[in-house]
Amino acid sequence: MMVQQYTRTAIWLHWSIAILLLSQFAFGWYLQEIPRGVPERSYFVNLHKSTGILIGLLILVRLGWRLAHKPPPLPDTIPRFQQRIASATHILLYVLMIVMPLSGYIASNFSKWGVKFFNVITFPPWGFEDKFIYAVFNQTHKVASWLLLVLIILHVLAGLKHLFIDRDRVFSRMLPRCFPER
Ligand code: HEM
Ligand code: HEM
């Protein structure tokens, strides 16, 4: 069966962002282990903010690229409702991928700290210090992280179902060409 693949750019963006995003999750959880008020915390929080901003920019590039390029159609053998669920999940993944870095960035600009980029360049906050606004965006950052995680787990389970149960080559649409056809 002929199944159209994603382009090399789409595949590269998908896997690099997947790895960076999952590492950023681990970094976020690690932050929770560092007690508040110790100097190391501000070092690691600024590092998390800096890597988060760079990942956010890469996500914007991906979104822009995706809006300009239609994905290859799924094979007709996939039922319509399943195709709709897949599209809805992908849209939600994009929304949450934007909400994550954006909420962290906005929260940081409503605290007196702003962002010290890689602990070297200080970006003074463009907002004002406001505990309520900070709390709203900080809470959005936390809730979005859990929603995104649940969605990623469902997304991975769906991918593995195609790979091991359906064996319909949908999985290979997102695999680099160097992998054997699956
Ligand atoms: C941080 C983790 C991940 C995120 C945010 C993510 C996000 C996405 C998005 C948004 C798409 C749709 C691409 C488009 O049409 O523009 C997609 C497709 C895909 N992803 Fe992921 N993904 C992640 C991890 C994974 C992992 C670990 C797997 C392996 C099981 C995987 C397998 C796939 C496959 C096979 C497709 C193509 C689906 C199709 O053919 O329609 N993804 N992913
Ligand atoms: C790129 C995507 C990002 C991901 C996946 C991510 C993920 C996380 C996670 C999982 C946490 C722990 C949440 C919890 O307490 O349950 C966290 C905390 C945090 N993130 Fe991010 N983050 C990202 C980007 C950013 C950015 C761009 C900023 C700011 C510029 C930022 C600022 C923060 C701060 C300040 C905390 C600590 C919040 C607290 O302990 O009160 N994050 N992040």
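This is a tutorial conversation about reading the predicted model shown above.

Student: What are the dimensions of the C-alpha trace along its principal axes?

Tutor: The trace spans about 60 × 30 × 30 Å. As for burial, 35% of the 182 residues of the chain count as buried.

Student: Which residues does UniProt list as "transmembrane region"?

Tutor: With a record, read the annotation and then go back to the coordinates. The unreviewed UniProt entry lists residues 12–31, 43–65, 85–107 and 143–164 under that heading. Take residues 12–31: that span is 100% helix and 0% strand, with its end C-alpha atoms 29 Å apart. Residues 85–107 are also 100% helix and 0% strand, and there the end C-alpha atoms lie 32 Å apart.

Student: And which residues does the domain annotation cover?

Tutor: The unreviewed UniProt entry has "domain: Cytochrome b561 bacterial/Ni-hydrogenase" over residues 6–176. In the model, that span is 70% helix and 4% strand, and its end C-alpha atoms lie 9 Å apart.

Student: On to the metals. Which protein atoms are donors to the iron atom of ligand 1?

Tutor: For a metal site, find the protein donors, then check the angles. The iron atom of ligand 1 has His-14 (NE2) and His-155 (NE2) as its protein donors, lying 2.0 Å from the metal. There are 6 donor atoms in the site, with angles of 87 to 180° among them, and the geometry is octahedral. Look at where the pair sits, too: His-14 is in helix 1 and His-155 in helix 4, 141 residues apart, and the two link distant parts of the chain.

Student: Why is His-14 classed as buried, but His-155 as partly exposed?

Tutor: Compare each value with the cut-off, since buried means under 20% relative accessible area. His-14 has a relative accessible area of 13%, so it counts as buried. His-155 has 28%, so it is classed as partly exposed.

Student: Which residues come nearest to ligand 1?

Tutor: Look past the metal to the whole shell. There are 20 residues around ligand 1, and His-14, Arg-66, Tyr-94, His-155 and Arg-173 come nearest. By class, the shell has 14 nonpolar, 3 polar and 3 charged residues. Helix 1, helix 2, helix 3 and helix 4 each supply at least two of the shell residues.

Student: Why is the arrangement around the iron atom of ligand 2 octahedral?

Tutor: His-48 (NE2) and His-141 (NE2) coordinate the iron atom of ligand 2 at 2.1 Å. The 6 donor atoms around the iron atom subtend angles of 88 to 179°, and therefore the arrangement is octahedral. This pair also links distant parts of the chain, with His-48 in helix 2 and His-141 in helix 4, 93 residues apart.

Student: Are His-48 and His-141 buried or exposed?

Tutor: His-48 is buried, and so is His-141.

Student: Which residues come nearest to ligand 2?

Tutor: Ligand 2 has 23 residues around it, and the nearest are Gln-32, Arg-36, His-48, Asn-138 and His-141.

Conventions:
Residues are numbered from 1 along each chain as its sequence is written. Chains are lettered from A and ligands numbered from 1 in the order in which they are written. This is a predicted model: local features need pLDDT of at least 70, side-chain atom pairs count only at pLDDT 80 or more; totals for chains, interfaces and linings use all residues. Side-chain values use heavy atoms; hydrogens and water are left out. A residue is near a molecule or strand if one of its heavy atoms lies within 4 Å of it. UniProt positions are given in the numbering used here, feature names are shortened, and annotations may be inferred rather than shown by experiment. Donors are N, O and S atoms within 2.8 Å of the metal (3.2 Å for Na, K and Ca); water is not among the atoms, so sites may look incomplete. Four donors count as tetrahedral if all angles lie between 85 and 135 degrees; four count as square planar and six as octahedral if opposite donors are over 155 degrees apart and all others between 65 and 115; anything else is irregular. Buried means under 20% relative accessible area, exposed over 50%, partly exposed in between (1.4 Å probe, protein chains only). Ala, Val, Leu, Ile, Met, Phe, Trp, Tyr, Cys and Pro count as nonpolar, Asp, Glu, Lys and Arg as charged, and the others, Gly among them, as polar.
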